[in-house]
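Hi everyone, thanks for making time. Let me put the model up on the screen, and then we can walk through it together.

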Amino acid sequence: MPSVVGLLEQRELAARRRVDGLREEADRIQAELAAAEQEWQGWSIARRRVGTVLAPVGGSTADTETTPDPRDAGVPSAPRDSAKPKSQVPVWCEELAWSVLSVDYQRILQALADRVRLGQGPLTCQEMAAAFGMHVVPARVEALRSKAKRPVARGWLAQQQPGRFTLAQGVADEDLGK
């Protein structure tokens with residue numbers, strides 16, 4: 001008759017192997033997502049540059065952005081300054097307001113803006129969890145870390161030291177009214 005401890009060890013080993021396999025798959029998908037996002041950003045930049053080049057002389061890029069494209073006639077336009085639930089984090093540029101981000105990302109930016117105003121420096125994910133009234137447990141902290149890394153990759157936040165986040169320079173200047 002097998003021991004209870006032996007059976008538990010077997011199940012634990014099977015569960016650990018499954019977790020390891022899922023982590024490998026998640027890492028592969030995350031790398032594929034990063035490559036796809038980089039390609040998408042490249043095409044987006046190319047489109048904007050072509051729009052700038054093709055803009056009438058004396059016109060600004062703002063004119064080309066507001067001119068409706070006849071190919072988009074049947075497509076309903078989404079307001080540029082409103083965020084949808086589970087929305088992607090766009091690449092930061094001066095024209096974007098914080099309101100294009102989902103509420104969760106806005107909360108993170110607001111917490112960091114408050115730190116900048118008070119001259120308190122970078123914020124850790126543990127401090128964010130506590131500030132948001134969450135239980136400071138590894139799962140919550142890692143979820144916040146994952147969420148904070150997206151705006152870092154897209155220029156909204158900066159991370160000079162691992163795990164310590166602050167507003168990116170242009171975002172901080174805009175927030176402080178410089």
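Let's start with a cysteine: C125 counts as buried because its relative accessibility is 0%, where buried means under 20% relative accessible area, exposed over 50%, and partly exposed in between, with a 1.4 Å probe and protein chains only. C93 counts as partly exposed, because its value is 23%.

A quick word on the ground rules. This is a predicted model, so local features need pLDDT of at least 70 and side-chain atom pairs count only at pLDDT 80 or more, while totals for chains, interfaces and linings use all residues. Residues are numbered from 1 along each chain as its sequence is written, and side-chain values use heavy atoms, with hydrogens and water left out.

Now the sheet. It is open, with three strands in the order 1-3-2 and antiparallel pairing. Strands here are DSSP runs of E with at least two residues, helices are runs of H or I with at least four, and both are numbered from the N terminus; two strands pair if DSSP finds at least two bridges between them. Strand 1 (123–124) and strand 2 (157–161) are the edge strands, each pairing on one side only.

Strand 1 is joined to strand 3 by two bridges, and T124 has R164 as its bridge partner. Between strand 2 and strand 3 (residues 164–167) there are three bridges. L157 is partnered with L167, and Q161 stands opposite R164. The hairpin of these two strands has two residues between them, and there G163 takes a positive phi near 80°.

What packs on the sheet? Helix 3 (residues 103–118) does, touching strands 1, 2 and 3, with its direction at about 85° to that of strand 3. Helix 5 (residues 138–153) also packs there, touching strand 2 and strand 3, at about 110° to the direction of strand 2. Contact means heavy atoms within 4.5 Å; axes are lines fitted to C-alpha atoms, for helices over the stretch in contact, with angles from 0 to 180 degrees between N-to-C directions.

Last stop, the core. A nonpolar core is a set of buried Ala, Val, Leu, Ile, Met, Phe, Trp, Tyr and Cys residues joined through side-chain atoms within 4.5 Å. The largest one has 25 residues, and L109, M128, W156 and L167 touch the most other members. Helix 3, helix 4 (125–131), helix 5 and strand 3 each give two or more residues, and helix 3 gives the most, with six.
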